[in-house]
Amino acid sequence: MNKRQMFGQHVLHDSSIQDIILNVSDVNDKKIVYEIGTGLGELTQKFCSRSLHVFSCELDKDLYYKAEKKLSYLKNLTLIQGDGFFQKIKYNILTSNLPYSESSRFIRWLSTQKFEKAVVTLQREFANKLMAQPGTKSYKAISALAQYLFKIEEIIDVHPNSFNPPPKVYSKVMIIKPKFVDKKISPDLLKYLRLIFSFRGKKVSTAIRHIIDQNKAIINKSNPLILNKRVEKLYPEDFVKLFYEDGKQFEK
C-alpha cells in the first residue's frame, strides 16, 4: 500500500471530469479560487487559466513539492503546504477532492465559511447521505446540517478509474451553494444537532431531556408537533426551531 492509499488520497486524473468541474464552477478572471488538495496540479492549472488567482493547499509534502516544481511558471497561483481547513483565505469559489475520511469534517468546516459556490468530489455514498430525506436510514446529523445551510446539486458520477490510485467506490461531483448570506451557524447549534441524532429511534421530547441535563441547552418547547416526532424524522428547519439561544441560531 502506497502512502496515498494509506491516507485515503485519490488523485483525479480524468481530464474530462476535470473539465466538468471547471465549467460548472463558473469561474472567471474576477474570481478567486481556493483548492483544497492540489494533488499533481492538473486541475489547478485549469483554474489558473480562467481565474484572477488560485490558492491551492496540499497536506502531503511529496505532492506539494512536485506541484511546486511543476507549477512554478503560474503567476496567479499561491501554493500552500498544510491542512486546508486551517488557512485564512478569502475566496469566491471552492474546489476540492478530499480524502473520503474527511467528508463530514469538510461539511462542518464549510458551515463556517463565506463563499459563493463549492464544486467538490465526494464519495457517492456520502453524497447520497447529504441528499437523504428525513426518516430514511441514510438521514444523519450531517444531512440535516447540509440541507439547512446549503443548496446541493448532483452533477455526475465518477468511476473509480478516474483516480490514481482507484478507490473501491464511485464518487460524485457536487455543487454546494450557501442559502444564507454573511451568516454562519453557531457552534452551539452545531453541537446540539450532532448530539440529538445520537438518540435515533427516540422521540424528540425524550432526547432533549438528556440534552438539557448534560448541556443546559435552551429548548423551544412551544411546538408539540416537533416534540412528538422521532429524531430521525426531524426536518432541518424543525431542528433550528427547536434549539435557539436568545432567539438566534446564527452568528455573523
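Q: What should I know about the model before reading numbers off it?
A: It is predicted, so local features need pLDDT of at least 70 and side-chain atom pairs count only at pLDDT 80 or more, while totals for chains, interfaces and linings use all residues. Residues are numbered from 1 along each chain as its sequence is written, and side-chain values use heavy atoms, with hydrogens and water left out.

Q: OK, the sheet. What is the order of the strands?
A: Seven strands form an open sheet in the order β4-β3-β2-β5-β6-β9-β7, with mixed pairing. Strands (E, at least two residues) and helices (H or I, at least four) are DSSP runs, numbered from the N terminus. Two strands pair if DSSP finds at least two bridges between them.

Q: Which strands stand at the edges?
A: β4 (77–81) and β7 (150–158) do; each has a single partner strand, so one side of each is left without a neighbour in the sheet.

Q: And how do β6 and β9 run, parallel or antiparallel?
A: Antiparallel: six bridges join β6 (residues 117–123) to β9 (residues 171–178). For example, threonine 121 has valine 173 in β9 as its bridge partner.

Q: Switching to helices. Which strands does α6 lie across?
A: Helix α6 (residues 124–131) lies across β6, β7 and β9, at about 125 degrees to β6. Axes are lines fitted to C-alpha atoms, for helices over the stretch in contact, and angles run from 0 to 180 degrees between N-to-C directions. Contact means heavy atoms within 4.5 Å.

Q: What about α7?
A: Helix α7 (residues 141–149) lies across β7 and β9, running at about 110 degrees to β7.

Q: How do α6 and α7 pack?
A: Their angle is about 65 degrees and their axes are 7 Å apart. Phe126, Lys129, Leu130 and Met131 of α6 meet Ile142, Ser143, Ala146 and Gln147 of α7.

Q: And α5 with α7?
A: Helix α5 (residues 103–110) packs against α7 at an angle of about 35 degrees, with the axes 10 Å apart. Ser104, Ile107 and Arg108 of α5 make the contact with Ile142, Leu145 and Ala146 of α7.

Q: Last topic, the backbone. Where is the cis peptide bond?
A: It joins asparagine 164 and proline 165, with omega at about -10 degrees. Proline 165 sits in the loop between β8 (163–164) and β9.

Q: Which residue has a positive phi although it is not a glycine?
A: Aspartate 26, at about 55 degrees. Aspartate 26 is in the loop between α2 (15–24) and β2 (32–36).
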